[in-house]
Amino acid sequence: MKLLVSALEPSANLHLKEVLRHTQDVELMGIFDKHIENGTPLYDISQMAIMGVVDALKKLRWFFKVADEMVALAKEADKVLLMDGSGFNLPLAKKLKTAYPDKEIIYYILPQVWASRPKRVKKLEKYCDRLLGILPFEIGYYSSGKAQYVGHPLLDEIDIVRHEKETKGCIAFMPGSRTAEISRLMPVFLELRRKLGNGIRPLLVIPPSFSRDKIAKLYRGNREFEIVRDTHEALRRSEFAFICSGTATLEAALIGTPFTLAYIAKKIDYFIAFKVLGITQIGLANIILAHDNHTTLHNELLQEEVTVDNLLKEYYNTDRKKFAAKAKELREYLGHGSSENVAKIIMQS
């Protein structure tokens, strides 16, 4: 089978690798990580990366060219798999369905229509044939019968076991992966690390792609931490974590590491999210539990609340037993992994 793939983000490609483990005789075409052995990409994901609005506008014409090349390439494909990245993949789905009305288009890891821009639902249902969700509650936003819950990929990918007795005094600091996030949180985390003293083992989680020069510029005071490149390994070793946001909150919940979310956004972004869009939680683990049973897993410190004193209180006062019970509820709600189910859908004739 020839499968046209559009997987732009590193996380999407991790999920793609898991899916491919359950397939046979699949040749990939399109945009994906060059280290995946099932084919040669038209473009590697590193070429698709953008930094901010200005960079996106500069590359806009090039992105249109890439989309047209994908449509031409699709002529040889048996099926199409679009993964996450709705800014590129949703317009691409329209182009593909217009050019090849009978070619099956599968969208795996759906856009977060529950958080913003719900009008994308109609476009997804119009241009895609199968909509594969990784959060049980998001399926309720679709009415065409094309959407189904396939499981969550992290339940396939997290295969480590955390032993509470081995984590004493080890704390993970996770200031994010974006430059702005790191620059806002790192000074607070550094002061916090110093306040906690020498009786702890501080782990600073840094993305594996970051060079030594980038680390030196972004992470002032990094020598006072042990640098860890593997998020799952850091969370396995830690008794507690301070996490910026994003998927890491769900990873910590599934591994069983108690944590507090600490996030400082631009004032305009915070205003839009909480005052205009009406967002009430930003941690993915909290968002999922809120939809399941109207409860939360962890505290969220935002903006001016992100102080050393408040973070210290979180470390000392978080109810570990309550966290463990809520984390179990979250895992039970998600139920199972997704990769094998997605592979079966792709392989269906």
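**Group meeting: a walk through the helices and the core**

Okay, let's start with Glu191, which sits in helix α7, residues 179-196. By helix I mean a DSSP run of H or I with at least four residues, and by strand a run of E with at least two, numbered from the N terminus. Before I go on: this is a predicted model, where local features need pLDDT of at least 70, side-chain atom pairs count only at pLDDT 80 or more, and totals for chains, interfaces and linings use all residues. Residues are numbered from 1 along each chain as its sequence is written, and side-chain values use heavy atoms, with hydrogens and water left out.

Back to Glu191: it is partly exposed, at 43% relative accessible area. The cut-offs are under 20% for buried, over 50% for exposed, and partly exposed in between, using a 1.4 Å probe and protein chains only.

Next, the core. A nonpolar core here is a set of buried Ala, Val, Leu, Ile, Met, Phe, Trp, Tyr and Cys residues joined through side-chain atoms within 4.5 Å. The largest one has 56 residues, and Leu16, Leu28, Leu81 and Tyr108 have the most contacts inside it. Helix α10, residues 247-255, gives the most to this core, with six residues.

So what does Tyr108 touch, leaving aside neighbours within four places in sequence? Contact means heavy atoms within 4.5 Å. The partners of Tyr108 include His15, Leu81, Ile134, Pro153 and Val342.

Now α10 again. Its axis and that of α12, residues 284-293, come within 6 Å and cross at roughly 70 degrees. Axes are lines fitted to C-alpha atoms, for helices over the stretch in contact, and angles run from 0 to 180 degrees between N-to-C directions. That makes the two helices, α10 and α12, roughly perpendicular, a label covering 65 to 115 degrees. Thr249, Leu250 and Ala253 of α10 meet Leu284, Ala285 and Ile288 of α12. Thr249 counts as buried, at 0% relative accessibility.

Last stop, helix α3, residues 60-73. Phe63, Val66, Ala67, Met70 and Val71 are buried there. Seen down the axis of α3, its buried residues fall within an arc of 145 degrees, so they line one face of the helix. That arc is taken from the directions from the helix axis to the C-beta atoms. On the other side of α3, Arg61 and Phe64 are exposed. Covering the buried residues of α3 are, among others, β1 (2-7), β2 (27-31) and α4 (86-99).

Technical notes. Parallel < 35°, antiparallel > 145°, perpendicular 65-115°, else oblique.
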